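Here is a short note to read beside the model. Keep the structure open and check each point as you go.

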Amino acid sequence: MLLAPPTLMQLPRPIYVRAQAMAAGAHFAEHQHDWVQFLYATTGTLRVTLPSGSFTVPSRFAVWIPAGMRHQVSAQNEVSFRSLYLATAAVQNGTDDRSRVVEVTALARELILAAARLPSEYDEQGRAGRLLATLVDELVDLQETDMYLPLPGDARLKVVCEALMRDPADDRDIDAWAGRIHVSGKTLARLFERETSMSFRQWRQRLRLCRGLELMAGGHSVTKVALEVGYSTSSAFIAAFKEQFGKAPREFMQEASP
């Protein structure tokens, strides 16, 4: 289901927060803002796609989107989220110039939820203004987490990457994929390194883990997810997941539960 992006000609205050929800499969058409966006998933999983790649944003995480950056937002399952729009002057330490996913702490979460309950034209000089100033201080210090999947510009490599995104479990090796686009395995390996700064193996593993996050957030078991994204056993998926995210899948998802 295609959704029209929210229309907002200007911010009523330097920091504006809105609560939103999306059904599974819904997505906003590509758009951009004149301000920085901090998109926080309270439940479910969002996918934010930029010209250069995509971010997986499970609950308890958020993504910074710079002002002027064109992007699409889609719900991989039923999602509730908070959109924070920040005038560039409200973010003083340069954190608004780079897209990235961050882990939202308990304190930042409570501040975000409190900010969402404020009137849009809050008193900047009063308690609300102080709360939002504290919120921004917390947001800019949140720890970055690597949930980014770079997307290539090369047309040949796009064919391979788009096919794998449709079916992450496809286990053909790099030589087989190279044959599909009529290049050598060495050429395809060089294309991956040049276009994504990752090897074929690293890119495919990142894709599988990000898709695994989305499926687990939709309620699928670890075993089912492992097989669906291309791992031969659940233990292999758990080991790769723990290496990437520092926690086993079940522990990660329990912490993500509201």
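**Notes on helices, a strand and salt bridges**

1. Start with helix α8. Its buried residues are F237, A240, F241 and F245. Seen down the axis of α8, these buried residues fall within an arc of 110 degrees, so they line one face of the helix. Bear in mind that this is a predicted model.

2. Next, check the length of α8. The helix covers residues 234-245, which is 12 residues. At 1.5 Å a residue, α8 should span 16 Å, and its end C-alpha atoms are 16 Å apart, so the two values agree. After α8 comes G246, and the phi of G246 is positive, near 80 degrees.

3. Now look at helix α6, residues 200-217. How far does α6 reach from its first C-alpha to its last? The 18 residues of α6 reach 26 Å, close to the 26 Å expected at 1.5 Å a residue. This helix is mostly covered, with 15 of its 18 residues buried. G219 follows α6, and its phi is positive too, near 100 degrees.

4. Turn to strand β8, residues 71-75. Of its 5 residues, 4 are buried, so β8 is largely enclosed by the rest of the structure. For strands in general, there is a simple pattern to remember. In a regular strand the side chains alternate between the two faces of the sheet.

5. Which strands pair with β8? One is β3, residues 27-31, which pairs with β8 in the antiparallel sense over 3 bridges. In that pairing, H27 has S74 of β8 as its bridge partner. Another is β5, residues 45-50, which also runs antiparallel to β8, with 4 bridges. There, V48 stands opposite V73 of β8.

6. Move on to charges. Side chains of opposite charge can pair when their charged atoms come close. How many salt bridges does a search of the whole structure find? The search gives 11. The next points take some of them in turn.

7. R60 and E103 meet through their side chains in a salt bridge, at 3.0 Å from N to O. This pair links distant parts of the chain, 43 residues apart. R60 lies in the loop between β6 (53-58) and β7 (61-65), while E103 lies in strand β10 (residues 100-103). Is R60 buried or exposed? R60 has a relative accessible area of 12%, so it is buried, the cut-off being under 20%. E103 is at 24% relative accessibility, so it counts as partly exposed.

8. R194 and D154 form another salt bridge, at 3.4 Å from N to O. This pair also links distant parts of the chain, 40 residues apart. R194 sits in helix α5 (residues 185-196), and D154 sits in the loop between β12 (148-150) and α3 (155-166). R194 counts as exposed, because its relative accessibility is 56% and the cut-off is over 50%. D154 is buried, with a relative accessible area of 13%.

9. Last, see D170 and R172. Their side chains meet in a salt bridge at 2.8 Å, N to O. D170 is at 14% relative accessibility, so it counts as buried. R172 is at 34%, so it counts as partly exposed.

Conventions: Residues numbered from 1 in each chain as written. Predicted model: local features only at pLDDT ≥ 70, side-chain atom pairs only at ≥ 80, totals over all residues. Heavy atoms only, no water. Helix = DSSP H or I, 4+ residues; strand = E, 2+ residues; numbered from the N terminus. Expected span 1.5 Å × (residues − 1). Buried < 20%, exposed > 50% of the residue type's maximum accessible area, 1.4 Å probe, protein only. Arc of directions from axis to C-beta. Pairing = 2+ DSSP bridges. Salt bridge = Lys/Arg side-chain N within 4 Å of Asp/Glu carboxyl O.
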